[in-house]
Amino acid sequence: MAPKKAKKKAAEASSNVFSMFEQAQIQEFKEAFTIMDQNRDGFIDKSDLRDTFCALGRLNVGNDELDEMLKMAPGPINFTIFLSMFGEKLKGTDPEETIINAFKIFDPEGQGVLKGEDIKYYIMSQADKFTEAEVEDMFTNFPLDVAGNLDYKNLCYVITHGEEKEAE
C-alpha cells in the first residue's frame with residue numbers, strides 16, 4: 001500500500017474513534033497499550049508483541065504469526081490505531097441486551113445462569129457449531145461456578161464491554 005493511502009486509511013480509522021468508547025474504557029485501553037508498549041516508543045511493534053506474549057507465558061510465537069497480527073493494522077500501531085482496531089472488532093457486536101435475550105431462551109426462569117453441560121451441548125450442535133477445544137477455551141475464560149453453571153449475564157457484559165462486571 002502506498003504511504004499516502006496508508007496514512008489516509010489510518011486517518012479514517014482514527015476519526016471519531018474516541019467517541020466509540022466511554023472515558024473509563026479508553027483509560028483501560030490506554031493502560032493495556034502502555035503495558036504492551038514494552039520499549040515505550042509510543043508504538044506497538046513486533047518486538048513489543050513478542051514480549052507481551054512472553055509475559056503471558058507463550059514463548060514460541062513465530063514471526064509469521066506476529067507479522068499477520070501487525071498486518072491487521074492500517075499502519076504503525078500508535079494508541080489511536082490500537083483503539084480504532086478494538087472499535088472495529090467490537091463494532092459488529094450486538095448490544096448486551098440482545099445477547100442476553102438470546103441466552104434467556106434457555107433460561108425461562110431468568111436465573112442468569114445456564115448449566116455448563118447444556119450450553120456445551122447447544123453450542124456444539126446448533127448453527128455455527130463450536131468445537132470441543134473452543135468450548136473448553138470458553139470455559140477457561142469464563143469458568144463455570146461450583147454448581148457447574150455458566151453466568152451468561154457476566155459473559156454478555158464481557159463480550160460487549162471487554163471487562164468483568166463489578167460485583168454488586
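Figure 1. Glu68 is partly exposed, because its relative accessibility is 47%. Its partner in a salt bridge is Lys71, and the closest N and O atoms are 3.4 Å apart. Lys71 counts as exposed, at 62% relative accessibility. The model shown here, and in the views below, is predicted.

**Figure 2. The salt bridge between Lys46 and Asp67.** The closest N and O atoms of Lys46 and Asp67 are 2.8 Å apart, and the two residues form a salt bridge. This pair links distant parts of the chain, 21 residues apart: Lys46 belongs to helix H3 (residues 46-55) and Asp67 to helix H4 (residues 63-71). Lys46 is partly exposed, with 27% relative accessibility. Asp67 is also partly exposed, and its relative accessible area is 30%.

**Figure 3. Glu136 and Lys120.** A salt bridge joins the side chains of Glu136 and Lys120, with an N to O distance of 3.7 Å. Lys120 is buried, because its relative accessible area of 16% is under the 20% cut-off. Glu136, at 38% relative accessibility, counts as partly exposed. Through shared partners, salt bridges join Lys120, Glu132 and Glu136 into one network. The structure holds 5 salt bridges.

**Figure 4. Glu88 in helix H5.** Glu88 is placed in helix H5, which covers residues 79-91. Glu88 counts as exposed, because its relative accessibility is 51%. The C-alpha atoms of Glu88 and Met20 are separated by 9.9 Å, while the two residues are 68 residues apart along the chain.

Methods:
Residues numbered from 1 in each chain as written. Predicted model: local features only at pLDDT ≥ 70, side-chain atom pairs only at ≥ 80, totals over all residues. Heavy atoms only, no water. Helix = DSSP H or I, 4+ residues; strand = E, 2+ residues; numbered from the N terminus. Buried < 20%, exposed > 50% of the residue type's maximum accessible area, 1.4 Å probe, protein only. Salt bridge = Lys/Arg side-chain N within 4 Å of Asp/Glu carboxyl O.
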